[in-house]
Amino acid sequence: MSAERQVAFDAEKEKVMPENRGLHYEENLLWEKEHSEHPGVDLPDAVGLPLRTGLAARGEIGLPQLSEPQVVRHFVRMSTWNYSIDHGFFPLGSCTMKHNPRLNEKVARFAGFAQVHPLQPESSVQGALRVQYELQNWLAELTGLPGVCLTPSAGAHGELAGMMTIARAHALNGQDKRKIVLAPDSSHGTNPATAVMCGYSVRNIPTKETGRLTLEAFKAALYETDPEGADVAGMMVTNPNTCGLFEREIVEIADLLHKAGGYFYCDGANFNALVGKVRPADFGVDVMHINLHKTFSTPHGGGGPGSGPICCSEELAKYMPVPTVVQNEQGYALEWSEDRPESLGALKAYQGQFGMHVRALAYMMSHGADGLRQVSEDAVLNANYILSQLAGDYHVPFAGPCMHECLLTDKKQKDAGVSTLDIAKALIEHGYHPMTVYFPLVLPGTMLIEPTETESKDSLDRFIETMKGIAREATDGESEALHAYPLSTPRRRLDEVKAARQPVLKWAD
Ligand SMILES: *Cc1c(COP(=O)(O)O)cnc(C)c1O
């Protein structure tokens, strides 16, 4: 942008936010605030007692002298600088940013759940163990996979647990010469990363022609270096895939994989499109993770904690990590490696993110089986509504209908010099969190939009209008403006590459 335009835009920004006042004014760190004579706490004199260790403080420790309202206001204002699902529509594809019902929060805060300790004797936490047992049963029912381990802390951790389970099964069955894992080129980066962490090499299956796996491409990958596919340990496939499309040939593909002696790991991040409708075991899955924080609506984004249980077939269940909750004559108990010697062992300390387990079970029980089915139907309906409304304005690489998210690209805007990045930044200016950009990697300039079932038609319509307006701006000869957005945020376009390569981790020297 020319210098004059920059000045004009800055002036425009001043109009929107005179002198950058209002809620969004710049403010210092608490440490930099002026020290007042009125601290919010009175420290007792005991602080000055000599310490036996000789480590007594040599001077002021420099804590800011602030009152409670100063501290509260600082953090509340800071919190408004973050966008969240409670602020507005969050179309981030693949992430299932749905509303988190407050009921879940209330239940998770019941003292009997919130204050239990993982080292308490089992007899004193029977209720908590029952929650985990019931959650295992719901997950087994919904996936058709009877072995459930709740311990993984997120989706990627679930992938590790699942692929380690497959590796363990191969190792104990004399199959550890299998060194290859197949994955489509549209797969989430955590899939190949996980396979590599488990000692496998990844063979890509190309999908960019149709956005889907084809039997032909799958066979070529399966038999590439061995006519029987005997060097393949398994495949990692997301279904529906990261283009928002259901894999139509998945049953035949899973059959061929099983005949070759491989296992089917399903990345379950997109389960919101299938929950209550399709049991992944029925299309051949051997093990999958579930992102409780996506499909079963426990808060996520901004650091978690998440929860990524895995569900395994009968055959693989004995190899998965410990512990699991079992029911016996005494009630509920944790089963550890002594009880299940073929298990790969414990993946982490204790029993997983218990608070997330409570929230997920509260969500499942308050929806019921019919409610969960409606969740996926409405999620798919909403995504198709957006796709149908935006198909004239943006390039749709793979014809719909889609599942719970829809894929667009910037191909129609490219000629005017407007890219996916510009469109995402314009969305920020209009008060939205951007969609997922430049993922999946199968095509240039992808935009993945996932509305989820919890958005009203009104909010979808407003989003659609905004997206149409951006497309108009791009082709109206006004595309220059699109390179400058966002104008009215405290920070505008950051040098993201520099931020990643040379992070400044200290506020001041
Ligand atoms: C979110 C996601 C993951 C990883 O899950 P986390 O809980 O973020 O670790 C893996 N695969 C896909 C397709 C996802 O969308």
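Trainee: Is the crossing of H14 and H15 left-handed or right-handed?

Mentor: This is a predicted model, where local features need pLDDT of at least 70, side-chain atom pairs count only at pLDDT 80 or more, and totals for chains, interfaces and linings use all residues. Residues are numbered from 1 along each chain as its sequence is written, and side-chain values use heavy atoms, with hydrogens and water left out. A crossing is left-handed if the near helix is turned anticlockwise from the far one by less than a right angle, and right-handed if clockwise. The crossing of H14 and H15 is right-handed.

Trainee: At what angle do H14 and H15 pack?

Mentor: Helices (H or I, at least four residues) and strands (E, at least two) are DSSP runs, numbered from the N terminus. Axes are lines fitted to C-alpha atoms, for helices over the stretch in contact, and angles run from 0 to 180 degrees between N-to-C directions. The axes of H14 (residues 420-429) and H15 (residues 457-475) are 10 Å apart, and the packing angle is about 130 degrees.

Trainee: Which word describes H14 relative to H15 at that angle?

Mentor: Angles under 35 degrees count as roughly parallel, over 145 as roughly antiparallel, 65 to 115 as roughly perpendicular and the rest as oblique. The angle of H14 to H15 therefore makes the pair oblique.

Trainee: Which residues of H15 meet H14?

Mentor: Contact means heavy atoms within 4.5 Å. On the H14 side the residues are Ile423, Ala426 and Leu427. In H15 they meet Phe463, Thr466, Met467 and Ile470.

Trainee: Is Thr466 buried or exposed?

Mentor: Buried means under 20% relative accessible area, exposed over 50%, and partly exposed in between (1.4 Å probe, protein chains only). Thr466 lies in helix H15, and beyond its neighbours within four places in sequence it is in contact with Leu427, His430 and Tyr432. Because its relative accessibility is 15%, Thr466 counts as buried.

Trainee: Which strands stand at the edges of the open sheet of 7 strands?

Mentor: The order in this sheet is E1-E7-E6-E5-E4-E2-E3, with mixed pairing. Each edge strand has a single partner strand, so one side of each is left without a neighbour in the sheet. These edge strands are E1 (147-149) and E3 (201-205).

Note on methods: Two strands pair if DSSP finds at least two bridges between them.
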